[in-house]
Amino acid sequence: MRVRLRNPDREVDVPGPRTVADLLDHLDVLPHTVLVIDDGELVTGGHELADDAQVEVRPVMSGGAENTLRCVVCRAPAAIEEPRHRAAWCLAHYPDHVVGQVRKAIDHPPSTAHNERMFSYADRLLIAVSGGKDSLALWDVLLQLGYRVDGLYVGLGIGGYSARSQEITEAFADARGARLHVVDLAEEFGYTTPSGSQAAGRSTCGVCGLSKRYTFNRTAVEHGYDVLVTGHNLDDEAATLLGNVVRWQDDFLARQHPVLPAGGGNQVRKVKPLYRLSERETAAYCLVRGIEYVVEECPLVDGNTGHELKSALDVLEAASPGVKAQFLFGFLDRHAEKFASDEDDDIRVGACTSCGMPTTGEVCAFCRQRDAIMKVLPVTQATA
Ligand code: AMP
Ligand code: ZN
Ligand code: ZN
């Protein structure tokens, strides 16, 4: 097909047939900056263009005789754009956008009593870092902002994947002179994610999630940290919310918040300062800041970890940019009024009779799981 582009006026030949969305992708043109005209008629992204089509791609952004997006701060040509924010940034100003969103999350989290902050400069923070883009980006931002924040890496024993994650996390900490705690499941508790899940007959993600949450809280308690920080982002939280709504899990909805206060039974305060940023934004931040992170996904992901929920939301987001954030933020804004009453008749959390960590029963879920695992695994593997 013959495609006419403007500013400067030029024509290119592109093989077809292909959809308008495909063509724009091929030409590296951002869809919302242009109108596409096929044989004199305006067409949308899904329209199929024939191989012999005469197509015009006409820029619609006013304020310049060119179709380059410009940085909202300095007007230099932009490197990254976010349709959700209707904004674009140059490489120099992009990190400020990410830092600004994290700062906003820390200073003004939604629906908290007395507009309290997530944490203050007096608090000692422990951030759980996986070696992935989100937690490393967040650690970087918190260090830049001057918070007192140490890292915690949990070794899950997932072969080369865990080894690379740990290496990258240690290199990040070394380069910044930051303190990193490493807790290895095998050394500390006598099982790895794969061996534990096989022994307990539970999903790997289930064993892994429970072991991580437990280790985060316990390490924070043992070392006297005030706040536990995780790298859950906008995509994670929106997918979790959708899952909780789809199944109407009221108790999960009541507890889904970027700030969970400390509670009985050694429950440390938990916060998620990345809830305003998408994973695309944290990945871009790492690229721009030169932060190396583990790109590969966990090889054990077993399909029930919210991937379908994320894809469903991505479909909606592509059709109307910003809808994912609206979904999550709208829920959080209503959180206090919908769930505040639940706090009074909150289920009582006490200390596990076996390990002292928080539980609503006698023995915590972690200790019960570990007992089940240790009944099966060879005793020689148990060191704790
Ligand atoms: P995920 O559950 O893998 O989506 O991770 C959510 C958050 O948990 C991450 O952003 C980290 O803060 C934390 N996290 C995940 N895996 C680890 C790990 N192996 N060690 C420490 N923190 C982790
Ligand atoms: Zn700029
Ligand atoms: Zn316990």
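**Reading the model**

Modeller: The residues of the shell around ligand 1 divide into six nonpolar, five polar and three charged. Nonpolar here covers Ala, Val, Leu, Ile, Met, Phe, Trp, Tyr, Cys and Pro; Asp, Glu, Lys and Arg are charged, and the others, Gly among them, polar. The model is predicted: local features need pLDDT of at least 70, side-chain atom pairs count only at pLDDT 80 or more, and totals for chains, interfaces and linings use all residues. Residues are numbered from 1 along each chain as its sequence is written, while chains are lettered from A and ligands numbered from 1 in the order in which they are written.

Colleague: Which residues come nearest to ligand 1?

Modeller: A residue is near if its C-beta atom, placed from the backbone, lies within 6 Å. Of 14 residues around ligand 1, the nearest are Ala128, Ser130, Val154, Thr230 and Gly231. Strand S11 (148-155) gives the largest share of the shell, three residues. Helices (H or I, at least four residues) and strands (E, at least two) are DSSP runs, numbered from the N terminus.

Colleague: What is the order of the strands in the open sheet?

Modeller: Strands of a sheet pair through backbone hydrogen bonds, either parallel or antiparallel. Two strands pair if DSSP finds at least two bridges between them. Here six strands follow the order S12-S11-S10-S13-S15-S14, with mixed pairing. The edges are S12 (180-184) and S14 (259-260), each pairing on one side only. S11 and S12 run parallel, joined by five bridges, and Gly151 stands opposite Leu180 in S12.
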